Amino acid sequence: MGETGARPLRADAERSVRAILEAAERVLSRDPGASMEQIATAAGVARTTIHRRFAHRQALIDALASSAARQLAGAVEDGRPDTAPALVALHRITANVLEVKGAWAFALELPADPGSEAAALHEDIGRRCITVLERARADKLIDESADLYWVRRVYYSLLGESLRGHPDDAAIDTDSLAARIIDTLLHGAGPRT
């Protein structure tokens, strides 16, 4: 998670790290230049507590990116990409990803350093997405000639635009928004035949 020690954290230390990461997400999403002291205040911990867990600001940023990427990977895995029917997996994954991306928008927009845990997780998520799209194509939900890497890019764009939202979207629940995304991905905006 980016902490200095390799041994597992005690429960209270784990809660402290979680509070720091959650505060970092909130504070940095409003002010990317916020200080460690501002993050500590928002987390309700002493500045020394942050420095005990994270040697420097970049270590905190790296831990934030890794933590968010792990949560995103968990959201994808919870959708059962390998075993659920393709349409069910697409919907569950989409709803789960909307939840995680909504909560960790700043951290998930951070560029992942090559070779980092976050980069590896994002690569794995991309592969899992292609797997689900291949299954959807096998179920004839996606045209057999479709370029799945392009379809993935469109899907990611739909997710991103959905999260930026429109004032009218505020009343839409995550499941309904996921259904809209999947419907648009699979059917586009053309007339139904």
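At roughly what angle do the axes of α4 and α7 cross, and within how many Å do they come? Select both helices: the axes come within 8 Å and cross at roughly 20°. That makes α4 roughly parallel to α7, a label for angles under 35 degrees. Here axes are lines fitted to C-alpha atoms, for helices over the stretch in contact, with angles running from 0 to 180 degrees between N-to-C directions. Helices are DSSP runs of H or I with at least four residues, strands are runs of E with at least two, and both are numbered from the N terminus.

A word on what you're looking at: this is a predicted model, where local features need pLDDT of at least 70, side-chain atom pairs count only at pLDDT 80 or more, and totals for chains, interfaces and linings use all residues. Residues are numbered from 1 along each chain as its sequence is written, and side-chain values use heavy atoms, leaving out hydrogens and water.

Stay on the pair and show side chains. From α4, pick A65, S66, A69, R70, L72, A73, V76 and E77; they meet E117, A118, L121, H122, I125 and R128 in α7. Contact means heavy atoms within 4.5 Å.

Next, select α5 (86-103). Its 18 residues should span 26 Å at 1.5 Å a residue, and the end C-alpha atoms are 26 Å apart, so the two agree; the expected span is 1.5 Å times one less than the number of residues. Colour its buried residues: A86, A89, L90, I93, T94, A95, N96, V97, L98 and V100. Buried means under 20% relative accessible area, exposed over 50%, and partly exposed in between, with a 1.4 Å probe and protein chains only. These buried residues pack against α4, α6 (105-109), α7, α8 and α9 (174-187).

Now for two loop stops. R80 sits in the loop between α4 (57-78) and α5, with phi near 50°, a positive value in a residue other than glycine. At 40% relative accessibility, R80 counts as partly exposed. Jump to K140, in the loop between α7 (117-138) and α8 (148-164). Phi of K140 is near 65°, again positive in a residue other than glycine, and K140 is exposed, at 71% relative accessible area. Most residues other than glycine have a negative phi.

Finally, zoom out. The protein chain has nine helices and zero strands, and its C-alpha trace spans about 65 × 35 × 25 Å along its principal axes. Buried residues make up 40% of the 193 residues.

Notes:
Angles under 35 degrees count as roughly parallel, over 145 as roughly antiparallel, 65 to 115 as roughly perpendicular and the rest as oblique.
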